[in-house]
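Please look through the sequence and the model shown here before reading on.

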Amino acid sequence: MLHVMAHVEARPDAVAAVRSVLDALLAPSRAEPGCIDYQVFEEGTRSGHFVTVECWADPAAFDAHMASAHVAAAFAAAQDLLARPPHIAPYHRR
């Protein structure tokens, strides 16, 4: 199993747009083969700071997710809306 978190920070004037982009990823990501869980959280004290918390069956499932059309569309839609590039990394449970 592979756990992945993506930290995404919207520009202050683009919070609602980034929220919509991330929300649009939920259903198609959850429907992908190998997706065990896919959640989007927004930090409670700082609007526009988001984290996706993802669990994939294996690295191949995550690689397929990153190569999917809906992820490509999200990156294209968000590229001018972000304060900085997203930080996407695997995490290991302790």
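How many nonpolar, polar and charged residues does the lining of the largest pocket have? By class, this lining holds 17 nonpolar, three polar and two charged residues, where Ala, Val, Leu, Ile, Met, Phe, Trp, Tyr, Cys and Pro count as nonpolar, Asp, Glu, Lys and Arg as charged, and the others, Gly among them, as polar. The model is a predicted one, in which local features need pLDDT of at least 70 and side-chain atom pairs count only at pLDDT 80 or more, while totals for chains, interfaces and linings use all residues. Residues are numbered from 1 along each chain as its sequence is written, and side-chain values use heavy atoms, with hydrogens and water left out.

A pocket here is an open set of points on a 1 Å grid over the protein atoms alone, where a 1.4 Å probe fits and protein lies on both sides within 12 Å along at least five of seven lines; lining residues have an atom within 4 Å of a point. The largest pocket contains about 310 Å³ of space, a volume being the space filled by probe spheres set on the points, which are joined across faces, edges and corners. Of its 22 lining residues, Val 8, Leu 22, Phe 75, Pro 86 and Ile 88 lie nearest the centre. Two or more lining residues come from each of strand E1 (2–9), helix H1 (15–30), strand E3 (49–56), helix H2 (59–66) and helix H3 (69–78); helices (H or I, at least four residues) and strands (E, at least two) are DSSP runs, numbered from the N terminus.

The four strands form an open sheet in the order E2-E3-E1-E4, with antiparallel pairing, and two strands pair if DSSP finds at least two bridges between them. E2 and strand E4 (87–91) stand at the edges with a single partner strand each, so one side of each has no neighbour in the sheet. Strand E2 (residues 35–42) pairs with E3 over seven bridges, and Tyr 38 has Glu 54 in E3 as its bridge partner. Six residues separate E2 and E3 in their hairpin, where Gly 48 in the turn has a positive phi of about 95°. E1 and E4 are joined by five bridges, and Met 5 has Ala 89 in E4 as its bridge partner.

Turning to the helices, the axes of H1 and H3 come within 10 Å and cross at roughly 180°, axes being lines fitted to C-alpha atoms, for helices over the stretch in contact, with angles from 0 to 180 degrees between N-to-C directions. H1 is therefore roughly antiparallel to H3, a term for angles over 145 degrees. Val 21, Leu 25, Pro 28 and Ser 29 in H1 meet His 70, Val 71, Ala 74, Ala 77 and Ala 78 in H3, contact meaning heavy atoms within 4.5 Å.

Key: Angles under 35 degrees count as roughly parallel, over 145 as roughly antiparallel, 65 to 115 as roughly perpendicular and the rest as oblique.
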